[in-house]
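Hi there,

Here is the structure I promised to pass along. Have a look first, and my notes follow below.

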Amino acid sequence: EPNKDKVKDTPVFANTGVNIENIEEIFKIADGCVIGSSLKYDGITWNNIDAERVKKFMDKVNHLRNWIIGMSCVIGIDVGTTSTIGILLDTANNKILKKISYDVELYSYKEGWAEEDPNQWWSNTKKIIKILSNFAKKKRKKILSIGTTGMLPALVILDKSGKVIRKSIQQSDSRTKLQLKKIFNKKNSKNFIKNTKCGINQ
């Protein structure tokens, strides 16, 4: 039988035979439905719409929707400067069900340098999502979405295939402070911000 879990990126709709008695089972295998005859007087196709049938059907649908929301959660990922943090949040009561954190290593080969390995960010993120997903499954929770946030600007250089070439240069890196002091003064700093809509980092 069709199952929305088998085609996760494609909405699945039940096209026929849906009624108030089977809508709960339909929702288990489909994202939505097309309904007609069962909402008409006496359930007959060529009759007019029965407002009372529509109300009863939608009351049940809304009840099921609230139940589904109550069984749902979201994952939040924060790719930070010192650690990668993940939380599993219950959407019904905004309660954190589980929190995981992995440290991020900072490299400072010379004074004022601050670099990190973007591959470590990605590795941490994948581990966090796997653990939180398994936890949600055990708790019979459905993950609705994954949200991400990150640190202040960091320079990450990629090759043509999208692979990381070198470690990132973090926003706290100050190796160019002498060049910045030479290039920018109070006057052209204002012009730079106005023209680029960006601030000047150290």
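**Around S38**

The side chain of S38 makes a polar contact with the backbone oxygen of V18, at 3.1 Å (N or O atoms within 3.5 Å, one able to donate a hydrogen and the other to accept it; residues adjacent in sequence count only if both atoms are side-chain atoms). This is a predicted model, where local features need pLDDT of at least 70 and side-chain atom pairs pLDDT 80 or more, while totals for chains, interfaces and linings use all residues. Numbering runs from 1 along each chain as its sequence is written, and side-chain values use heavy atoms, without hydrogens and water.

S38 sits in the loop between β2 (32–33) and α2 (51–70); helices (H or I, at least four residues) and strands (E, at least two) are DSSP runs numbered from the N terminus. Leaving out residues up to four places away in sequence, S38 touches V18, N19, G43 and R53 (heavy atoms within 4.5 Å).

**Salt bridges**

You will find seven salt bridges in the structure (a Lys or Arg side-chain nitrogen within 4 Å of an Asp or Glu carboxyl oxygen). In one of them, R53 pairs with D50, with the closest N and O atoms 3.9 Å apart. R53 is partly exposed at 32% relative accessible area, whereas D50 is buried at 13% (buried is under 20%, exposed over 50%, partly exposed in between, with a 1.4 Å probe and protein chains only).

D173 and R175 form another, at 2.8 Å from N to O. Shared partners join E115, R166, D173 and R175 into one salt-bridge network.

Best wishes
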